[in-house]
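Open the model in your viewer and keep the selection tool handy.

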Amino acid sequence: NWHRQELETVWEHQWDGVARESSPFINSAEMDRGNIYEGKNMALFEEEMDSNPMVSSLLNKLANYTNLTQGVVEHEADEDSKRKEVKVPRMGTFIGVYLPCLQNILGVILFLRLTWIVGTAGVLESFIIVFMCCACTMLTAISMSAIATNGVVPAGGSYYMISRSLGPEFGGAVGLCFYLGTTFAGAMYILGTIEILLTYISPSAAIFKAEEVGDETEAMLNNMRVYGTCIIILMAIVVFVGVKYVNKLALVFLACVILSIIAIYAGVIKTAFDPPDFPICLLGNRTLSKRSFDVCAKFTESNNETKTTALWRLFCDSSFLNATCDDYFSLNNVTEIQGIPGIMSGVLADNLWSAYSEKGSIVEKKDQPSVAGSEDTKMGGLPYVFTDIMTYFTMLVGIYFPSVTGRYNYFS
């Protein structure tokens, strides 16, 4: 009873806020311990029920309940196992974020479409396209950084940030766009892989081959369907096994990409002094496809005898020199130029300005001499190179933009 009275005296002293010496029977360590536990789920009076409700304290104790005795070895081992389960190893900023985004940026658009974009839009407008896309990505990254630094971002990542910043309606809509963008991006990379494989690395690996001129597009689509299905199945197996094994090889994949980019610069330096032999046949200023003929000339000299070539027979009604030929073919010469002339040849100055074209128009080289022929000339069946798509500035921006999106910037 004496100890009880002493404790009540100390509690009343703390409640009234009156300075008073501590009891000689209660040391300062116990007083400090009482101050530490003050306000932590210890509702002694009814006035404290608002800040420390008994229901929440009870639920908290029930949630942390264990049937093991406090302080025993089994309890400590159980607590350690719980801590180990909560601790999940993370890949970090460099391996988990920077390298995957860098690999996505240095992807299929860079190797397949950037050169075509520069050749179509010109050097100056290509710089404008790259600047616009990079500025949009930079603004998106800054906005996401501002949102992320306002508080702790739990599981959900970008979805959590957008739904909390713009609301669940806008967040859900943006999440849908992100899902569709990622899906189409996966299809784009698969088709780009097949195109590189069948066009540049191993054309003999094509299952479907064009039997006639003009069937190349249909044959390529069928090859993409077959190879694309196989690649999707392979990717599904990889995801089922675990993406962490792919992430472990991220440095190897990035090294391959960097070596490819270094090879591009090495090729630029090499072709500046020693251009490769890559001839292109021109009729006037119109580009010809050499799939239907082998000799880029109208005539050949053999044993002091002039003979017509296969190209002649494509534009004329017979192989004789007095045959009736296409008007444009008769008025223009057949020449052969280097397709990769090198940077020292002045090709950079020639490509400063854009060269947009309509779908189905003939690919022409502007600085080559040309004499206009009859407008009634039929183009069907002639070995001209035609454009397969109409090109304009905003369309090229849309083609290039996926290369700067990385993984988290589809929201822009």
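How many Å does helix α6 (residues 108–148) span between its end C-alpha atoms? The answer is only 30 Å, whereas a straight helix of 41 residues would span 60 Å at 1.5 Å a residue (the expected span is 1.5 Å times one less than the number of residues). Helices here are DSSP runs of H or I with at least four residues, numbered from the N terminus.

Before going on, a note on the source: this is a predicted model, in which local features need pLDDT of at least 70, side-chain atom pairs count only at pLDDT 80 or more, and totals for chains, interfaces and linings use all residues. Residues are numbered from 1 along each chain as its sequence is written, and side-chain values use heavy atoms, leaving out hydrogens and water.

Now select Gly 122, where α6 bends by about 115° (the angle between axes fitted to the seven residues ending there and the seven starting there).

For the last stop, show helix α8 (residues 168–201) with helix α9 (residues 216–241): their axes come within 9 Å and cross at roughly 120°. Among the contact residues (heavy atoms within 4.5 Å), pick Ile 190 and Leu 198 of α8, then Tyr 227 and Ile 231 of α9.

Key. Helix = DSSP H or I, 4+ residues; strand = E, 2+ residues; numbered from the N terminus. Axes fitted to C-alpha atoms, helices over the stretch in contact; angles between N-to-C directions.
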